[in-house]
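Colleague: I'm new to this one. Can you walk me through it?

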Amino acid sequence: VTTLAALTKKMRRYDPKKISGTRLTRGDLERLLRRLIAVPAKSRLEFPGMEKGREDLILAGIAILLRCMDRFDLPALTVSDSGILEGIALSHCPEGAD
């Protein structure tokens, strides 16, 4: 998901501070899928934000994410560069604590 945010922001250099909080809509993901599916995997590396090694998996990742959004009726999602441990820790903080 962080790669998808980097792709939508056309980031030449990955910056986690600019990724966290990015909102991706279903429309954003569908547009990105159309752009990426139109070119061979090797050419996807030319897209700003694409990390080497993800160019052949990114289409499946978008498809899975769109299906999850369908399943849970989500029109959009918010990206976090933090891992699951940070999320668990934050869930135990008092409301409003950062």
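Predicted model: local features only at pLDDT ≥ 70, side-chain atom pairs only at ≥ 80, totals over all residues.

Colleague: Let's take L7. What is L7 in contact with, leaving aside neighbours within four places in sequence?

Modeller: L7 contacts L32, L36, F47, P48, G49, M50 and I58.

Colleague: How do α1 and α5 pack?

Modeller: Helix α1 covers residues 2-9 and helix α5 covers residues 58-71. They pack at an angle of about 105°, and their axes are 11 Å apart. An angle of 65 to 115 degrees counts as roughly perpendicular, so α1 is roughly perpendicular to α5.

Colleague: Which residues make the contact?

Modeller: On α1, T3, L4 and L7. On α5, I58, I62 and L65.

Colleague: How do these divide into nonpolar, polar and charged?

Modeller: In the contact of α1 with α5, five are nonpolar, one is polar and none is charged.

Colleague: Let's zoom out. How many helices and strands does the chain have?

Modeller: Six helices and two strands. From the N terminus, the order is α-α-β-α-α-α-β-α.

Colleague: What does the C-alpha trace span?

Modeller: About 50 × 30 × 20 Å along its principal axes.

Colleague: How much of the chain is buried?

Modeller: Buried residues are 28% of the 98 residues. The chain exposes about 6,900 Å², and carbon and sulfur atoms supply 56% of that area.

Colleague: What about contacts between residues 24 or more positions apart?

Modeller: Take the contacts in the chain with a separation of 6 or more. Residues 24 or more positions apart account for 64% of them.

Colleague: New topic: P75. Where does P75 lie?

Modeller: P75 is in the loop between α5 and β2 (76-78).

Colleague: Is P75 buried or exposed?

Modeller: Exposed. The cut-off for exposed is over 50% relative accessible area, and P75 has 59%.

Colleague: What does P75 touch, not counting residues up to four places away in sequence?

Modeller: P75 touches T25, R26 and M69. P75 and T25 are 50 residues apart in sequence, yet 5.9 Å apart in space, C-alpha to C-alpha.

Notes
Residues numbered from 1 in each chain as written. Heavy atoms only, no water. Axes fitted to C-alpha atoms, helices over the stretch in contact; angles between N-to-C directions. Helix = DSSP H or I, 4+ residues; strand = E, 2+ residues; numbered from the N terminus. Parallel < 35°, antiparallel > 145°, perpendicular 65-115°, else oblique. Contact = heavy atoms within 4.5 Å. Nonpolar A, V, L, I, M, F, W, Y, C, P; charged D, E, K, R; others polar. Buried < 20%, exposed > 50% of the residue type's maximum accessible area, 1.4 Å probe, protein only. Areas by Shrake-Rupley, 256 points an atom, 1.4 Å probe, with all protein chains shown as cover.
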